[in-house]
Amino acid sequence: MAKGLDVGTMNILSAQQDGNDTVFVQQRNSFVEIEYSDMAEQMLSRSEVLHIRKDDKVYVVGDDALNFANIFNKETRRPMKHGILSNDEQSAIPMMKLIIEQVVGEPTYPDEKLYFSTPADPIDSDLSTLYHQKTIESFLNDMGYDAEPINEGMSVIYSELADNNFTGLGISFGAGMTNVCLSYYAVPVMKFSVARGGDWIDEQAARATGTPVDKVTSIKEDDFELDFTTDVGGVEGALSIYYENLLDYVIDNIVSEVDDEDVEEGLDVPVVVTGGTSSPDGFEELFRDHLEEADIPFSISSVSHANEPLYSVARGGLVAARSDEDVDPQEAASDEATEEEDTEAAAANE
Ligand SMILES: Nc1ncnc2c1ncn2[C@@H]1O[C@H](COP(=O)(O)OP(=O)(O)O)[C@@H](O)[C@H]1O
Ligand SMILES: [Mg+2]
């Protein structure tokens with residue numbers, strides 16, 4: 001069987017194979033604290049809402065947190081920040097544990113392989129990913145899985161570059177981070193992350209325009225396009241500016257991180273971009289244009305956008321886990337690619 005798990009700052013997703021289909025289960029990585037009352041406890045216990053009680057507080061966790069936050073006029077909180085467990089959130093660990101247990105479920109058999117995504121150490125902050133990685137690994141092992149970390153950028157390559165022998169540059173633009181990995185024949189030769197992603201864009205655009213961050217996020221996720229025809233002085237204009245700035249920042253760091261030795265001479269490298277932050281129309285074109293202008297020390301054969309940007313990392317973890325359980329990796333990856341529509345339907349039914 002085997003499973004893949006994407007542990008993201010905003011979304012946690014599992015992927016597993018069901019016949020020829022890939023089934024994804026997703027939860028928001030967030031929670032809200034509400035006052036305990038017998039009434040609330042009873043209501044929650046009878047519902048499907050994920051929650052835990054601690055002393056005189058009840059925590060509603062995952063997708064439902066946002067609804068409860070609106071009803072009770074509270075702010076949601078997040079267990080992770082910049083791609084790893086947040087160190088200024090006391091409740092982070094039990095919340096993450098609950099979400100992960102719900103998303104991956106029980107192992108189908110003891111020591112089932114599970115690959116979970118973990119970021120590369122960021123080059124622009126002194127955050128270390130080790131504690132985060134070990135904590136997630138111990139939750140999963142305690143549940144009875146045989147858990148292995150997989151670099152998030154490498155996971156993108158497993159998911160999207162099977163028909164190029166797992167060779168290329170994978171970039172995952174998430175909420176808390178952007179992860180980059182260059183791989184030759186399924187061997188990562190260069191990987192790094194930057195502690196900037198969608199959250200950073202939202203914060204910057206909010207600050208620039210004096211708009212609440214949540215408002216900026218919903219404008220961005222609604223129907224924002226990177227076409228640069230809109231709204232100088234407004235939120236969309238500010239979003240475009242910071243989107244472009246993030247792309248340049250990532251590209252500059254690719255230029256400075258890639259060594260000549262990393263790159264086999266004469267090889268053309270395909271580039272795949274994915275992650276929630278790569279969703280707006282115009283992202284792929286903008287990235288391609290900026291990459292062309294940059295002084296990248298290898299030649300690029302193509303720039304493409306993953307079909308389902310929110311699912312790539314979980315799917316890549318599944319491909320890695322299945323090949324660890326002796327499914328041919330290219331077969332594992334292609335299985336899924338041919339089942340795109342069923343996959344979407346399965347995910348929508350979750
Ligand atoms: N349609 C959309 N347009 C723009 N940004 C989006 C869209 N959907 C999601 N996002 C952004 O993508 C990010 C979440 O992507 P995801 O890859 O799940 O991140 P993570 O892996 O860090 O949890 C958030 O910043 C969110 O605002
Ligand atoms: Mg993610």
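How many bridges join strand β14 to β15? In this predicted model, local features need pLDDT of at least 70 and side-chain atom pairs count only at pLDDT 80 or more, while totals for chains, interfaces and linings use all residues. Residues are numbered from 1 along each chain as its sequence is written, and chains are lettered from A and ligands numbered from 1 in the order in which they are written.

Strand β14 (residues 268–274) and β15 run parallel and are joined by 6 bridges; strands are DSSP runs of E with at least two residues, and helices are runs of H or I with at least four, numbered from the N terminus. Valine 272 has serine 304 in β15 as its bridge partner. Both strands belong to an open sheet of 5 strands with mixed pairing, ordered β13-β12-β11-β14-β15, where two strands pair if DSSP finds at least two bridges between them. Its edge strands, β13 (187–194) and β15 (299–305), each pair on one side only.

Helix α8 lies across β11 (168–173), β12 (178–184) and β13, at about 135° to β13; contact requires C-beta atoms, placed from the backbone, within 7 Å. The axes of α6 and α8 (residues 235–257) come within 9 Å and cross at roughly 135°. Axes are lines fitted to C-alpha atoms, for helices over the stretch in contact, with angles from 0 to 180 degrees between N-to-C directions. Among the residues in contact, Trp200 and Ile201 belong to α6, and Tyr242 and Leu246 to α8.

Definitions and conventions: Two residues are in contact if their C-beta atoms, placed from the backbone, lie within 7 Å.
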